[in-house]
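Take a walk through the fold below.

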Amino acid sequence: ELEASVAGIVEASVRRWSLKSKSIEPGKLELDYEVRLIDSGSGFVEDISALEGVEYVTLVSYNGDYTG
């Protein structure tokens, strides 16, 4: 299952992670994770992108300041 594959890559690649949201539509799944990177390593994004069925992967940096 794609969700388990993504979770496995995330878990193996980051210091800490939490699933923040999950949206399901027919034929589509969107997962949003909050992660703490290990030494700014973001190679796992390419690993997730390479999974069959994955269309988009986005990594957003957050430094604690949010203006909205």
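Strand β2 gives the largest share of the lining of the largest pocket, 10 residues. Helices (H or I, at least four residues) and strands (E, at least two) are DSSP runs, numbered from the N terminus. A pocket is found on a 1 Å grid over the protein atoms alone, as an open set of points where a 1.4 Å probe fits, with protein on both sides within 12 Å along at least five of seven lines; lining residues have an atom within 4 Å of a point. This is a predicted model: local features need pLDDT of at least 70, side-chain atom pairs count only at pLDDT 80 or more, and totals for chains, interfaces and linings use all residues. Residues are numbered from 1 along each chain as its sequence is written, and side-chain values use heavy atoms, with hydrogens and water left out.

How much space lies in the largest pocket? About 1,300 Å³. Lining it are 32 residues, and the closest to the pocket centre are Leu-31, Asp-32, Tyr-33, Val-57 and Thr-58. By class, 18 lining residues are nonpolar, five are polar and nine are charged. Here Ala, Val, Leu, Ile, Met, Phe, Trp, Tyr, Cys and Pro count as nonpolar, Asp, Glu, Lys and Arg as charged, and the others, Gly among them, as polar.

Now look at the charged pairs. The model has two salt bridges, each a side-chain nitrogen of Lys or Arg within 4 Å of a carboxyl oxygen of Asp or Glu. In one, Lys-22 meets Glu-3 at 2.9 Å, N to O. Lys-22 lies in strand β1 and Glu-3 in helix α1, so this pair ties together parts 19 residues apart in sequence. Lys-22 is partly exposed at 42% relative accessible area. Glu-3, at 18%, is buried. The cut-offs are under 20% relative accessible area for buried, over 50% for exposed, and in between for partly exposed (1.4 Å probe, protein chains only).

The other salt bridge joins Glu-34 and Lys-20 at 3.6 Å, N to O. Glu-34 sits in strand β2 and Lys-20 in strand β1, 14 residues apart. Glu-34 is partly exposed, at 42%. Lys-20 is exposed, at 52%.

Which residues make up the largest nonpolar core? There are seven: Val-6, Ile-9, Val-10, Val-14, Phe-44, Val-45 and Ile-48. Such a core is a set of buried Ala, Val, Leu, Ile, Met, Phe, Trp, Tyr and Cys residues joined through side-chain atoms within 4.5 Å. Helices α1 and α2 are the elements that give two or more residues to this core.

Beyond its neighbours within four places in sequence, Val-14 is in contact (heavy atoms within 4.5 Å) with Val-35, Arg-36, Leu-37, Ile-38 and Phe-44. Ile-38 lies in the loop between β2 and α2. At 40% relative accessibility, Ile-38 is partly exposed. The C-alpha atoms of Ile-38 and Arg-15 are 5.5 Å apart, although 23 residues separate them along the chain.

Step back to the whole chain. The protein chain has two helices and two strands, which run α-β-β-α from the N terminus. Its C-alpha atoms fill a box of roughly 35 × 30 × 15 Å along the principal axes. Of the 68 residues in the protein chain, 13% are buried.

How values were computed:
Points joined across faces, edges and corners; volume = space filled by probe spheres on them.
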